[in-house]
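Hi,

Here is the structure I promised to pass on. Have a look at it first, and then read my notes below.

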Amino acid sequence: MPGRQNFEQMEVRKDAKQLILSLYTDLADVRDYSFCEPIKRAAISIANNIAEGSERASSVELAHCLDIPKGSCGGVRNVYRLAVDLGFVSQEIGDIRYSSCVSISKKLAGFAKYLRGK
């Protein structure tokens with residue numbers, strides 16, 4: 001596809017990578033693995049699906065791949081709310097990560113909408 005960026009250059013993928021790094025730091029001391037592992041997988045899947053979609057042959061396929069991590073963003077947002085309630089992270093950290101997920105989700109939705117309009 002002409003003009004397609006390498007996934008490493010995509011702003012939304014960079015944001016997703018930063019979210020992953022922050023999540024691992026935020027939950028480093030939490031020993032409840034049944035809580036931590038699913039959210040780690042969900043956060044990683046955001047970046048992985050962006051990367052996978054960027055390798056697809058068409059804009060339509062990429063747009064579909066962007067819908068998947070958008071759903072994962074919702075899961076990560078939910079878990080950060082729970083992490084605050086459980087005392088695993090502060091309210092401030094929870095709010096920052098929640099906002100980051102909302103931003104990533106909006107970027108994914110906007111990018112998918114743009115691709116579908118091509």
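Which residues of helix 1 are buried? They are V12, R13, A16, L19, I20, S22, L23 and D26. Please keep in mind that this is a predicted model. The cover over these buried residues includes helix 2, helix 3 and helix 4. Helix 1 itself has 16 residues and spans 22 Å from its first C-alpha to its last, close to the 22 Å expected at 1.5 Å a residue. As you look along it, remember that an α-helix has 3.6 residues a turn, so residues three or four places apart point the same way.

Next, the core. The largest nonpolar core has 33 residues, and I46, I50 and V76 touch the most other members. Two or more residues of this core come from each of helix 1 (11-26), helix 2 (33-54), helix 3 (59-85) and helix 4 (91-116).

S105 counts as buried because its relative accessible area is 7%, under the 20% cut-off. Y98 has a relative accessible area of 27%, so Y98 is partly exposed. Leaving aside residues up to four places away in sequence, S105 touches K70, C73 and R77, while Y98 is in contact with R77 and R81. The C-alpha atoms of Y98 and V79 are 9.3 Å apart, with the two residues 19 places from each other along the chain.

Enjoy exploring!

Note on methods:
Residues numbered from 1 in each chain as written. Predicted model: local features only at pLDDT ≥ 70, side-chain atom pairs only at ≥ 80, totals over all residues. Heavy atoms only, no water. Core = buried A, V, L, I, M, F, W, Y, C linked by side-chain atoms within 4.5 Å. Buried < 20%, exposed > 50% of the residue type's maximum accessible area, 1.4 Å probe, protein only. Helix = DSSP H or I, 4+ residues; strand = E, 2+ residues; numbered from the N terminus. Expected span 1.5 Å × (residues − 1). Contact = heavy atoms within 4.5 Å.
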